[in-house]
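Biologist: Could you put the model up, so that we can go through a helix contact and some charged pairs?

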Amino acid sequence: MNRQQTKNLFHDSIFIGPALLFFFVITVIPFLFGLYYSFTSWNGVSGSAAWVGLDNYVRLFSEDTRFLHSFGFTFRFMLVSLVLSNVIGFGFALALSRHLKLTNLLRVSFFIPNVLAGLLLGFIWQFILLKGFPSIGQMTGLSFFKMNWLGDASTGFWGMVIVFVWQVSGYLMVIYISALQNVDSSIVEAARIDGASGWRSLIHIIIPLIMPSITICLFLSLSMSFKVFDLNLSLTAGGPFNSTESVTLNIYKEAFQNNRYGLGSAKAILFFLVVSLITLLQVSLTKRREVQL
């Protein structure tokens, strides 16, 4: 290694070194500890952890039906939230990319829910669904507001979806607005001169040109919906009868309430592998459709 290469390595270490150090301390090392504990029966308190091999992983599929149910709930929640949050976020972006008088005010209004913490949003919407909606139902007679929100599995599911989409759509809207503003207007104008309608321009020109942003938004909404925890904890706490319990909440209860840290770690490792596989597949599929100008 010559002197210039040594100098470059030193400079790279100065800029990248602190970030790498924090990444290893905060992410890599805890992950490796979690991987080790997933093969033990540690209760999270005692000083020793007995090695049990693959028993925890076998138990997940053979005995723990509650975990498998939470996986199914989380997957359905992810699919519905992914579609709705991106469609609504993209719709907001299309509408607010036009020169309207209240554009800036509306952008801020739609983005504000993303600033609030998930726990706070959950408690606010719990009050709205349990107290506000019934009051509106009594005044208007509309059955939609009279439903027992959070009272059964179906309405609890949709209650979580409504709050999550309301929180995330504004964030995705900002990314979509940035992408739409970077689309070359001359290309769209040329298509209109050639007779393309607004819908055909959107489908065949605008969407292909903003595919990199769509890839990012799909990735963000997918990972956030998979990892939903604070909203689930504060809005339904997994109820009624664990019917709205997400995987992350199930892992939390297993490790810190049931004091089965080894089993909770096995669930977390399995969850990590599934989320990683699905997100890699999604990024791979959508990046193939990106257009290079």
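Predicted model: local features only at pLDDT ≥ 70, side-chain atom pairs only at ≥ 80, totals over all residues.

Biologist: At roughly what angle do the axes of helix 8 and helix 9 cross?

Modeller: The axes of helix 8 (residues 185-193) and helix 9 (residues 198-209) cross at roughly 165 degrees and come within 11 Å. Since angles over 145 degrees count as roughly antiparallel, helix 8 is therefore roughly antiparallel to helix 9.

Biologist: And which residues make that contact?

Modeller: Helix 8 contributes Ile-187, Val-188, Ala-191 and Arg-192, while Ser-201, Ile-205, Ile-206 and Leu-209 come from helix 9. By class, the contact comprises six nonpolar, one polar and one charged residues.

Biologist: Switching topic, how many salt bridges does the structure hold?

Modeller: The structure holds six salt bridges, and one of them pairs Arg-66 with Glu-245, whose closest N and O atoms are 2.7 Å apart. That pair links distant parts of the chain, 179 residues apart, with Arg-66 in helix 3 (residues 65-96) and Glu-245 in the loop between helix 11 (230-235) and helix 12 (247-257).

Biologist: Is Glu-245 buried or exposed?

Modeller: Glu-245 counts as buried because its relative accessibility is 0%, whereas Arg-66, at 34%, counts as partly exposed.

Terms used
Residues numbered from 1 in each chain as written. Heavy atoms only, no water. Axes fitted to C-alpha atoms, helices over the stretch in contact; angles between N-to-C directions. Helix = DSSP H or I, 4+ residues; strand = E, 2+ residues; numbered from the N terminus. Parallel < 35°, antiparallel > 145°, perpendicular 65-115°, else oblique. Contact = heavy atoms within 4.5 Å. Nonpolar A, V, L, I, M, F, W, Y, C, P; charged D, E, K, R; others polar. Salt bridge = Lys/Arg side-chain N within 4 Å of Asp/Glu carboxyl O. Buried < 20%, exposed > 50% of the residue type's maximum accessible area, 1.4 Å probe, protein only.
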